[in-house]
Amino acid sequence: MKYNVEHLLDQDAFHCTSCSCCYLCCPVNAISMLPDELAILNPKVDNSKCISCGICVNKCPQLNPVLKALDDQKAFICYRNDSLEKRLISRSGGVFALLASEYIRINGVVYGSICNHYDVSHSRAETEDQIKHMLGSKYTESIIAKTILIQLIDDVDNGRDILFSGLPCQIAMIKSFLSYKKVSTDRILFIDLACHGVVAPKVFHDYILDLENKHGTIKEFLFRDKSYKGWNSHYESFIEKNGKKRYQNKFASLFGFSIVYKRSCYDCQYSSVYRLGDITLADAWGIEQKNRDFFDNNGCSLVLVNTNKGRGYFSKIIPSLKFKEILVEDYLSSSFTKRVDYFNKISALRRKYVSKGYKWISRYCYIKWNFLLLYMNLKHKMAIVLKKARLIK
């Protein structure tokens, strides 16, 4: 069967996750991944090389959804209670760090994302020290290089136990690519992250450039730092060349208003409780109302255990957790719902960013974000006052 590959890929461009699976699977190297105006990678077919074999179309996780892993799913709220210091280093409850440490203990390997100044990329870890760089939220897409995939296949061939963490669309790519390469995933524990969306790479690059224009070279950057105002606040931090640490919420505002995500994020097929990972990790937002005894503002995780493999490894870290089984529907957030209508509302703002630049979109989001925080804070305080007034009566 002959495929009009370029037509098929262009036809579904809105849903392309930039996973690069088509590029990686093409047997004649006819596909390139080229950046658009927001530095989001999109596949481009060289018709002079394409042999219309259809492999790229058949392996595309968006055109051929990968089977969701769901086997008697259990949901938990939890945080590590063996070390407050280690819990504070993590952005939520410290569950990923415990699972990763378990793999290091059994001589396994861990794959996860790290921040590299202007971008975020996947890396491989065999030591506790290397895992530290993988901790914490990253609100822009992590690049999975070919070299990482080669290392992953080598680890499988060498019989290593592997933990691979990433966004659901990245897990889908890995599963589809490994099936094309006929590589078993039996020894891989997949951890997918509940994702609100990823900020376009150019926006993050512009943000860091703006920081460095104002503060000089940035030595270290954290997308969310709960050492400042706690877990349920959203402040990033950065360390200047002189060692001074600063906090602000400008990138948080860019992320929070969901204006400059990848297009596919607004109609994400993975935004549901039917997950690709053996374990799903998220923040347990709303816990201060639903399970007050778990809230101390130091971080709490929502964990979905989706498969028997996931249950086996989660059970190994339970002695280091304070945990409670809950109903997943009580903790559903926007990470589990689609927002395709929202994209239509903010398309004009995305175009303005392209035409007017970073400073315009940064100022727009920052002002609106802080007005929203002020409103929510006043609303919360008024609710407390009214509650006290009713008690007095």
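Start with helix H12, residues 308-317, where Gly310, Tyr313, Phe314 and Ile317 are buried. Buried means under 20% relative accessible area, exposed over 50%, and partly exposed in between, with a 1.4 Å probe and protein chains only. Helices are DSSP runs of H or I with at least four residues, strands are E runs of at least two, and both are numbered from the N terminus. Down the axis of H12, the buried residues fall within an arc of 105°, so they line one face of the helix; the arc is that of the directions from the helix axis to the C-beta atoms.

A caveat on the source: this is a predicted model, local features need pLDDT of at least 70, side-chain atom pairs count only at pLDDT 80 or more, and totals for chains, interfaces and linings use all residues. Residues are numbered from 1 along each chain as its sequence is written, and side-chain values use heavy atoms, with hydrogens and water left out.

Next, helix H8, residues 168-180. Of its 13 residues, 11 are buried, so H8 is largely enclosed by the rest of the structure. Among them are Pro168, Cys169, Lys175 and Phe177. Just after H8, lysine 182 has a positive phi of about 55°.

How many disulfides does the structure hold? It holds 0, a disulfide being a pair of cysteine sulfur atoms within 2.5 Å. Cysteine 169, buried at 12% relative accessibility, has its closest cysteine sulfur in cysteine 268, 6.5 Å away and too far for a bond. For cysteine 16, the closest is in cysteine 22, at 6.5 Å, also too far for a bond.
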